[in-house]
Amino acid sequence: MTELGFEAALNDRVSDMLDACTRCGKCVEVCPSVQPARIAEADPAAVISGVIDLIRTGNGPEAARQWASSCMLSGACIEACDYGVNPRFLLAMARGAMRRKDFDLTERRRDGVAKFRETSRDVAMLSRLQLDRTALERLGQGAASLASSGEPPDFIFYTGCNVLKTPHIALLALDIMDRLGVSYQVMGGPSHCCGVAQLRAGDPEMSGRMGASSIEKMSHSKSGQVLSWCPSCYVQFTETTLPTIERQRGARPFEMTPFIRFLNSRLDQLKTHLRERVGMRVALHRHPGVAGVVEAALELLHAVPGVELVDLKQPAVGLQSVNLGVLPAYKRELQRAELDAARAARVDALVAIYHSDHRELCAHEREQPFRIVNILEVIGESMGLRRHDRYKELKITQDADLIMRECGDLIAAHALDSAQAREVVAKALIGDQPLPLGNTT
């Protein structure tokens with residue numbers, strides 16, 4: 001039997017899911033995007049019916065287009081469906097169909113390439129403004145395998161791309177695995193792209209090629225498991241690429257597990273290393289888009305000696321902070337309210353899970369009476385593992401010229417283009433600030 005091409009296999013999956021959808025509208029009813037997207041008055045059954053029309057024809061009612069465009073990837077819709085349909089996946093397909101309706105393939109492919117190149121440039125530049133070559137190689141950037149022998153590692157640790165902008169987080173993940181005695185090979189960065197930029201551009205075939213290439217590279221561990229850091233990559237692989245490859249070939253090359261869930265699965269072992277008391281009142285910044293991650297993070301924090309958890313009673317929506325950007329005013333209000341609530345609760349630290357959360361929030365530390373840290377910093381502190389957060393240190397300055405002077409040695413060591421470096425600092429570091437500083441009460 002001839003193997004289907006990626007796009008044909010993807011279309012088969014979509015067709016099966018559309019046939020399974022009863023158009024009951026439960027997915028729309030539970031979606032936290034509906035209210036801020038101003039479609040709460042629309043009939044839920046009509047909205048999901050319109051999404052199906054969008055996927056099939058590229059045309060659909062305005063409420064359906066708005067729902068697809070406002071998806072924050074919260075995942076509540078998946079739990080609400082009684083028929084095994086993944087509405088979040090269908091919304092991604094609807095957005096692609098809208099792009100294909102409005103733009104020809106040449107333009108869509110050009111847009112995907114432009115976004116990929118922009119991300120590659122920003123990741124490479126910001127990581128090199130913080131790390132020397134040895135640290136970059138440890139994160140799999142231009143390095144040979146971390147495995148010291150020809151044997152495959154226990155796990156592949158897949159960073160994704162953008163966590164390399166905040167490399168202390170990824171380095172702490174490696175430090176923790178070292179302490180647990182886990183062998184791993186690090187893969188990630190633009191050379192191991194998940195293909196999400198191409199999918200968003202409406203180019204599923206190119207997305208499949210890039211994702212399949214990365215999957216082939218990651219398919220060589222003893223456990224048959226890939227530990228993933230980035231939630232966007234996790235959704236891209238587990239909801240789009242891996243199931244489509246399974247449809248093509250009859251089997252998945254591996255299973256993928258979010259790193260925080262992996263850590264929690266080894267909590268008994270981890271507890272033996274949590275020896276230092278971390279006396280802090282902390283609140284967890286929460287995004288529920290990957291099932292089980294928030295719950296795992298809470299269990300991990302409960303296990304750290306001296307940590308007191310405070311529930312700020314704030315809404316938990318979206319996959320990670322960056323995904324709330326489809327509703328910018330709503331995003332700013334959520335961030336403002338959480339910072340106010342954390343200050344009122346007198347916490348010592350607001351703790352984020354993902355890298356985009358940290359990037360967007362960390363500079364607010366300079367005007368708040370509490371720290372803004374990543375969860376691995378808290379866990380690492382109890383294990384005696386510490387990594388300097390150079391990203392936050394630089395971003396808090398809010399001064400591109402000062403940052404360029406501070407990073408002068410690394411700019412020279414990596415032979416970076418100074419003008420391009422300053423452009424990236426201004427746009428992708430200082431400019432990555434959805435809620436401007438000074439906008440909290």
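Over how many bridges do strand E7 and strand E8 pair, and in which sense? Strand E7, residues 349-352, and strand E8 pair in the parallel sense over four bridges, where two strands are said to pair if DSSP finds at least two bridges between them.

## Basis of the model

This is a predicted model, in which local features need pLDDT of at least 70 and side-chain atom pairs count only at pLDDT 80 or more, while totals for chains, interfaces and linings use all residues. Residues are numbered from 1 along each chain as its sequence is written, and side-chain values use heavy atoms, with hydrogens and water left out.

Helices (H or I, at least four residues) and strands (E, at least two) are DSSP runs, numbered from the N terminus.

## The sheet with strands E5 to E8

Strands E7 and E8 belong to an open sheet of four strands, which has the order E6-E5-E7-E8 and parallel pairing. Strand E6 (307-309) and strand E8 (371-374) stand at the edges, and because each has a single partner strand, one side of each is left without a neighbour in the sheet. Neighbouring strands of this sheet are turned by 35 degrees against each other on average, direction ignored.

Strand E3 (residues 225-228) pairs with E4 in the parallel sense over four bridges, and Leu227 stands opposite Thr257 in E4.

## Aromatic pairs

A search of the whole structure finds five aromatic pairs, meaning rings of Phe, Tyr and Trp (its six-membered ring) whose centres lie within 6.5 Å, with planes under 30 degrees apart counted as stacked, over 60 as edge-to-face and the rest as tilted. Among them is the edge-to-face pair of Tyr158 and Phe237, with 5.5 Å from centre to centre and 75 degrees between the planes. This pair links distant parts of the chain, since Tyr158 lies in strand E1 and Phe237 in helix H12, 79 residues apart.

## The largest cavity

The search also finds four cavities of 30 Å³ or more. On a 1 Å grid over the protein atoms alone, a cavity is a set of points where a 1.4 Å probe fits but cannot get out, a pocket is an open set with protein on both sides within 12 Å along at least five of seven lines, and lining residues have an atom within 4 Å of a point. The largest cavity has a volume of about 210 Å³, a volume being the space filled by probe spheres set on the points, which are joined across faces, edges and corners.

Of the 19 residues that line the largest cavity, His285, Arg286, Gln314, Pro315 and Glu338 are the closest to its centre. Helix H16 gives the largest share of this lining, four residues.

How values were computed
Axes fitted to C-alpha atoms, helices over the stretch in contact; angles between N-to-C directions.
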